[in-house]
Amino acid sequence: MIYINQVLQSVKDSKRIRIVEIKESYVYIVNVDAITSMPKKELFTSFLTDVEQREWIIITDSFARVIEDEDLTDIQIQKRDLDWGIVQKYCLKHMNDLFQKSGRERKIKEIAQELDVTPTKVKKLLSRYWQRGMNKNAMLPDYAKSGGRGKTKKLSNDKVGRPRRITISGEQRSGINITDEVKIQFEHAINKYYRKANNYSLKDVYHFILRDFYSTRYKENGEMQYRIWESSSIPSYNQFYYWFKKLEDPKKDITFRKSAKEYELKHRPILSNSKVETNGPGTRFQVDATIADIYLVSSFDANRIIGRPVIYAIIDVYSRMVTGLYVGLEGPSWLGAMMALDNMVANKADFCKQYGVDITEEQWPTHHLPEVIIADRGEFEGYSVAGLINNLNIKIENTTAYRGDLKGIVERKFRTINGKVKQKAPGAIQKEYRERGDRDYRLDATLNLKEFTALVITMILHHNHKIINKYPMEKEMITDEIVPTPINLWNWGIQNRKGRLRTIDRAILRLNVLPRGKATISRAGIKFKNLLYGSKQAIEEQWYAKLKNKSIDIVYDPRHLDKIYIPNDDGMGFETCILLEPSQQYQEDFLEEVIFYQQLRNELEEENRSKQVQLTINADTMMDQIIKSAVKRKKQVTHQPTSKKEKLEAIRDNKKIEKEANRNTEKFDLTPTVAEHSPEIIDFESGTKLEEPPPQKSSTRLMEKLKKKRDEQLGKDD
C-alpha cells in the first residue's frame, strides 16, 4: 500500500518522488531531486500496480530528521518562520487548485501579486514545501550546504593543497594543479589501463599517464622513446592516487579487472544470511553436488580403482539439518539429484542400516518435502523438475551461474566432508598437482563405495549433533535454552515455528522425479525407444485398436527399461507397463545401451544401403533382359496365329500339356546318379562291333506320347 508523504525511488533511473496527495482515483507526486517541481497526477490503480511490480521501491525519507531549534541560528529560524507563514497563509488555502495542472499558473501569479514577489519565488517555496516533507522545517534554508566540504576548489595559477617537499638542492618544486583537463586524463587512463583484464597496478597506470600526456616523444634507432618532463610540470603519484579514490568504483573495477563472477562471489556486501528467508524447518532446502576428493576401489576386486564418487546433499536452511544424501557414481546429473531427492523422503534408520550403521529414527528424523528447493542451474532446469513443480507443489529456485555462495550452507558442508576425508582416508587427494617423485595417491585407494558411504553417513550424523558457530539465534531459542545443533533446531522449529514440512509416499515421489518421455500406441504394443510394452489396462480398454498412433506421456528409469509407467492425470498414481516378448532381450540393458544398439543397427543398414541399391538395379536389369528375350522369342514364331476365341478356349488344354511336360522334369529320382554308357552291339559270328542306330530325340517321343493321350481323352469325351 502507498501513503501520503512516502518517498519512492525508480528502479529504472533512480529518480526519487514524494507522494503529496491521494484524492479520489488519483495520486499526486513531485520530483524530490528537481530544482522546482509541481505535482503530477497519476492514476491510483496504475501507480499502485507499478509499486507492486517493484518498478518503484519505497525508500527512507532523507529529509525526515529531528532538528532542534536550539541547534539553529537566529537567521535560520527567522527565514524558516517567514517562508512557513507565507505557505500557510497564501498557499495552503489554495492547495486544491495548485494540485491541478489546469489553472495552476494563474493561481501562482495571483499569490505572487498578493505577496509582491515573482511567480518563480512562489514556485520555489511550494517546491521546497512538497519536496522536503510538507512540514515547518521543510522551509529551512540550505545553509548546511554552504562551505567547501566535499566540493572541488576553484583554482588559480598557484598550486593548492599541501606544498611539495624541498629537494636536496634546496629547490622547492610547486608541481601542478589538478584541473578538469588533468582529471579527464586520469579518468581516461583508469578506464584504458586499470579497468582491464591485464591487472595493471596503480603505479603502472600512473606511469602510462606520464608517458601518454607528460613526456616528449622522439625516435631512436627507429623506435619511439619517451622523456618524462620535470617533476614540477607533472602530477605526482599522490595526486593521482587522491583523484583515483574519488573516481573509484569498486564494483566496476573488480568486474572489469577480474569478472562479474569474482565480484559477486568474493566482494559483494554481505548484508543478510540464509536463515532470514525461512520461517521454520522445511521452508527452504539447499541441494548441491560435489566430486569427493578420494579414489575408491571396486567392491568386486580391491585391486581395481574405480575413480572418484559423487556426493549429493540436501540441507534444510533453517536448522542446517542434512535431509537427503546420495553417494554414488551417477552424476553430477539428474540421476544423481533424483537419488538424493528419493533419499530425502526415505526413512533414514532403514537407509543407514543398509550400510551397517544402526541408528534410531530420532537421531535422523527427516523424511519430508520442502516448500522450496534452491539448486544450481543444470540438473534442476528443464523438463525433469516438472513433476516436482506441477504435482508436488515444490518451488525450484536456481541460482545464477558461478554463484555457489548463494548455496553457502551446503557448499560449506562439502568443504568439511572433503577436509575430513583428506585427514583420514587412504586414496584421498592430498595435492592439487603432484610433483616429480611424489607417490601417486590413487594407488593408495582402499575404500569401496559402500564403505565410503558409511564414512559419509558417520560424518553427517556427527554434523547433525554438532554446535553451529555463529548461528543467528532467536530470543525464544535462548529462553528455551536451546543449544544450536541441527537436530535441536529441527525439533524446536517443528514445535515452535510454522515450517513447511510435508510427507509423501516414496513411490509417488519417484514417479514425479523419474525422467519423462513420449510413447506411441500401436497394434504391436506401446512403443517407447523402439521397445514394445503392454499393460493390463491397455488390453482391457482396447487401446491397441481404439487409440492406435496416439502419443502418451510415460515415466521411465533409464537404468533399466523392463518397465515404464503411465502417470495418472493427478500425478498420484500410475499404470505399469512391462516389456513384451519381442523386446525382452533388452530388459537388463540401460537406456544408453538400447540407444547404442539402435544406432549401431542404423549405421550398419546405412553402410549397406548403397549395396542394396546396386542389388535392386541389377535385379531390375535381369528382369528386363528375361522379358526382352521372351518378347523376342514370341516374335520369332512362324506359324499362323489362331483366332482370339480359339486361343482362349485352348488355355485349359495347353495348361494340361504343359503340366505333363513339367512333371517329367520336376519328378524326384532318389537313385544315385550313374554315368550312362551307350551299349555296344557285337556280332557273335564275326565278333565285330556293329553301328548303333541313331537314337530318337526324347522330346519328340514325349510330345508324340502326350498327343496320343490327348487324342484318347478327346475320344472318350466325345
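Me: I clicked on Leu449 to start. Which helix is it in?
Reply: Leu449 is in helix α15, which covers residues 449-464. Keep in mind that this is a predicted model.

Me: Is Leu449 buried or partly exposed?
Reply: Partly exposed, because its relative accessible area is 24% and the cut-off for buried is under 20%.

Me: What does Leu449 touch, leaving out residues up to four places away in sequence?
Reply: Leu296, Val297, Pro309, Val327, Gly328 and Leu329. Another pair to look at is Leu449 and Arg308: they are 141 residues apart in sequence, yet their C-alpha atoms are 9.5 Å apart in space.

Me: And α15 as a whole, which strands does it lie across?
Reply: Helix α15 lies across β11 and β12, and it runs at about 160 degrees to β12.

Me: OK, tell me about the sheet those strands belong to. What's the strand order?
Reply: It's an open sheet of five strands, ordered β12-β11-β8-β13-β14, and the pairing is mixed. The edge strands are β12 and β14 (395-398), each pairing on one side only. From one strand to the next, the twist averages 20 degrees.

Me: How do β13 and β14 pair, parallel or antiparallel?
Reply: Parallel, over four bridges, with β13 being residues 372-375.

Me: What's packed around Thr323, then? Which residues does it touch?
Reply: Not counting residues up to four places away in sequence, Thr323 touches Phe285, Ile314, Ile315, Asp316, Asn343, Met344, Lys348, Thr366 and Trp490.

Me: Switching topic: α4. How many residues does it have?
Reply: Twelve, residues 104-115. From first C-alpha to last, α4 reaches 17 Å, close to the 16 Å expected at 1.5 Å a residue.

Me: Which residues of α4 are buried?
Reply: Arg104, Lys107, Ile108, Ile111, Ala112 and Leu115.

Me: What covers them?
Reply: The cover includes α2 (74-91), α3 (95-99) and α5 (119-131).

Me: And which exposed residues are on the face turned away from the buried side of α4?
Reply: Arg106 and Gln113.

Me: Last one, the barrel. How many strands close into it?
Reply: Six, in the order β15-β16-β17-β20-β19-β18, with antiparallel pairing. Neighbouring strands of this sheet are turned by 45 degrees against each other on average, ignoring direction.

Me: How many bridges are there between β17 and β20?
Reply: Two, in the antiparallel sense, between β17 (residues 531-534) and β20 (residues 574-579). For a bridge to click on, take Gly534: its partner in β20 is Ile578.

Me: What holds paired strands together in general?
Reply: Strands of a sheet pair through backbone hydrogen bonds, either parallel or antiparallel.

Definitions and conventions
Residues are numbered from 1 along each chain as its sequence is written. This is a predicted model: local features need pLDDT of at least 70, side-chain atom pairs count only at pLDDT 80 or more; totals for chains, interfaces and linings use all residues. Side-chain values use heavy atoms; hydrogens and water are left out. Buried means under 20% relative accessible area, exposed over 50%, partly exposed in between (1.4 Å probe, protein chains only). Contact means heavy atoms within 4.5 Å. Two strands pair if DSSP finds at least two bridges between them. Axes are lines fitted to C-alpha atoms, for helices over the stretch in contact, and angles run from 0 to 180 degrees between N-to-C directions. The expected span of a helix is 1.5 Å times one less than its number of residues.
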